[in-house]
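Colleague: I would like to learn how to read surface patches in a model. Could you take me through one case, step by step?

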Amino acid sequence: KKMSLNLLKRELDRDLEEFEAKKQKKAERKEGKKIKNKKKGGGVGEKKNRFEFNDKDYSKEDDHTAECLKYLGVLDQKLEEVNTDKILQHNRKQKRQDKYTFDTSDVKKKEEASIFTDEDFAVVSKLHFVNSKKVVIVEDE
C-alpha cells in the first residue's frame, strides 16, 4: 500500500488541476451572473440608491409663451370659417331671448309719454325736500 513518490506527485497534480478547473468554472459563472445582474440594474453586493431628493426650484417658472402663441396661430388658421351668428342665436335661444326683440323706437315713444303732469312733479319735489314748505295733498273727488 505504499505509493511511490512519483505516483503521489502525479495524483496530487491531477487533483490540483481538477480543483483549479472547477474553481475557474465557478469564477466564470459568477462573472456571468454579475454581468446579467448589471444588465437588469442590480449587482452582486451592490446597493442601489433608490431615494433621490427633488432639487427642482419651483419658484422659477418656465416660459411657454412662444409655444402657446404657436399653437394659438395653428388654431386660428383652422377656425377661420366659424360663423358667430349661429353661436349667438343658439345662446339667445338658451336664454329665451330670441322671442323678444327690442325695438328702440318703441322705447323712445314710451319715454316721451308720461302719465304724470308737470304739476305732479312740482308737488313731489316739494314733498321730498327738507327746506321746502310742507304741502298737503288733497285728492279731487
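Modeller: Start with E67, which lies in helix 2, residues 65–78. The model is predicted.

Colleague: Is E67 buried, exposed or partly exposed?

Modeller: A residue is called buried under 20% relative accessible area and exposed over 50%, with partly exposed in between. E67 has a relative accessible area of 42%, so it is partly exposed.

Colleague: Which residues gather with E67 in a patch of negative charge?

Modeller: A patch takes residues with over 30% relative accessible area and no salt bridge, and like charges are joined within 9 Å. Here E61, D62 and D63 gather with E67 on the surface.

Colleague: Which residues make the nonpolar surface patch?

Modeller: L69, L72, L75, L79, V82 and I87 make a patch of about 580 Å². Helix 2 gives the largest share of this nonpolar patch, with 3 residues. L75 is found in that helix, and at 44% relative accessibility L75 counts as partly exposed.

Colleague: What percentage of the residues in the protein is buried?

Modeller: Buried residues make up 0% of the 141 residues. The protein exposes about 15,800 Å², and carbon and sulfur atoms supply 53% of that area.

Colleague: How many helices and strands are there in the protein?

Modeller: There are 5 helices and 0 strands. Read from the N terminus, the order is α-α-α-α-α.

Note on methods
Residues are numbered from 1 along each chain as its sequence is written. This is a predicted model: local features need pLDDT of at least 70, side-chain atom pairs count only at pLDDT 80 or more; totals for chains, interfaces and linings use all residues. Side-chain values use heavy atoms; hydrogens and water are left out. Helices (H or I, at least four residues) and strands (E, at least two) are DSSP runs, numbered from the N terminus. Buried means under 20% relative accessible area, exposed over 50%, partly exposed in between (1.4 Å probe, protein chains only). Accessible areas come from the Shrake-Rupley method with a 1.4 Å probe; for residues, only the protein chains shown count as cover. Patches are made of residues with over 30% relative accessible area and no salt bridge: like charges are joined within 9 Å, nonpolar side chains (Val, Leu, Ile, Met, Phe, Trp, Tyr) within 5 Å. A salt bridge is a side-chain nitrogen of Lys or Arg within 4 Å of a carboxyl oxygen of Asp or Glu. Lys and Arg count as positive and Asp and Glu as negative; His and the chain ends are not counted. The place of a charge is taken as NZ of Lys, CZ of Arg, CG of Asp or CD of Glu.
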